[in-house]
Amino acid sequence: QVQLVESGGGVVQAGASLRLSCAASGRTFSNYNMGWFRQAPGKEREFVAAISWRGGGTYYADSVKGRFAIARSNAKNTSYLQMNILKPEDTAVYYCAANRRNWIGGRIESSVREYDSWGQGTQVTVSL
């Protein structure tokens, strides 16, 4: 499995932007599809965005489409989540995840069960 470490979380006001990073090590990063998930207190972990191993395919949750953008740099072994126009309901712990299989695209990329490597998470808090 690949090891993942998230960073970039913080406390911001509504309407602000943040960029999360996920640094990978231990395996060949370019072999892995990457995903971002989040979990708010008392709620289940939910999908945010995913990107294929080459970066040519992406998929987003409806709740973040048009505000968030996922990207990756295989040269830097890092995945990114650019979050714009943040809302209080975006408050959660954000996790990056990875899987090593063919990119299928669509809804299957949003399933927690599709990912076998996870980071420890980074807190994002959005205040009014």
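The model on the screen is a predicted one. Glu109 and Arg101 form a salt bridge, and their closest N and O atoms are 2.9 Å apart. Arg101, at 21% relative accessibility, counts as partly exposed.

**Asp90 and its partners**

Salt bridges that share partners join Arg38, Glu46, Arg67 and Asp90 into one network. Select Asp90, which is buried, with a relative accessible area of 0%. Which residues meet Asp90 in salt bridges? One is Arg38, with a distance of 2.9 Å from N to O. This pair links distant parts of the chain, since Asp90 lies in the loop between E8 and E9 and Arg38 lies in strand E4, 52 residues apart. Both Asp90 and Arg38 are buried. Another partner is Arg67, where the closest N and O atoms are 2.8 Å apart. Arg67 belongs to the loop between strand E6 (58-60) and E7, and 23 residues separate Arg67 from Asp90. Arg67 is buried as well, with a relative accessible area of 9%. In the structure, the count of salt bridges comes to six.

**The disulfide**

Now select Cys22 and Cys96. The two residues form a disulfide, with their sulfur atoms 2.0 Å apart. Which parts of the chain does the pair tie together? Cys22 lies in strand E3 and Cys96 in strand E9 (residues 92-99), so the link joins parts that are 74 residues apart in sequence. The link is right-handed, with 55 degrees about the S-S bond. Cys22 and Cys96 are both buried, and a search of the whole structure finds one disulfide.

**The open sheet**

Display the strands next. Four of them form an open sheet in the order E1-E3-E8-E7, with antiparallel pairing.

E1 and E3 pair over five bridges, and Ser7 has Ser21 in E3 as its bridge partner. Strand E3 (residues 18-25) pairs in turn with strand E8 (residues 78-83) over six bridges. Here Ser21 stands opposite Tyr80, and Arg19 stands opposite Gln82.

Return to strand E1 and select Leu4. Is Leu4 buried or exposed? Leu4 is buried, with a relative accessible area of 6%. The C-alpha atoms of Leu4 and Ala24 are separated by 4.7 Å, although the two residues are 20 apart along the chain.

**The nonpolar core**

Finally, select Trp36, Leu81, Met83 and Tyr94. Of the 34 residues in the largest nonpolar core, these four touch the most other members. Elements that give two or more residues to this core include E3, strand E4 (33-39), E8 and strand E11 (122-127). With Leu81 selected, look for the residues that it touches, among them Leu18, Trp36, Val48, Phe68, Ile70 and Tyr94.

Conventions. Residues numbered from 1 in each chain as written. Predicted model: local features only at pLDDT ≥ 70, side-chain atom pairs only at ≥ 80, totals over all residues. Heavy atoms only, no water. Pairing = 2+ DSSP bridges. Helix = DSSP H or I, 4+ residues; strand = E, 2+ residues; numbered from the N terminus. Buried < 20%, exposed > 50% of the residue type's maximum accessible area, 1.4 Å probe, protein only. Disulfide = S-S within 2.5 Å. Core = buried A, V, L, I, M, F, W, Y, C linked by side-chain atoms within 4.5 Å. Contact = heavy atoms within 4.5 Å. Salt bridge = Lys/Arg side-chain N within 4 Å of Asp/Glu carboxyl O. Lists of a residue's contacts leave out its neighbours within four places in sequence.
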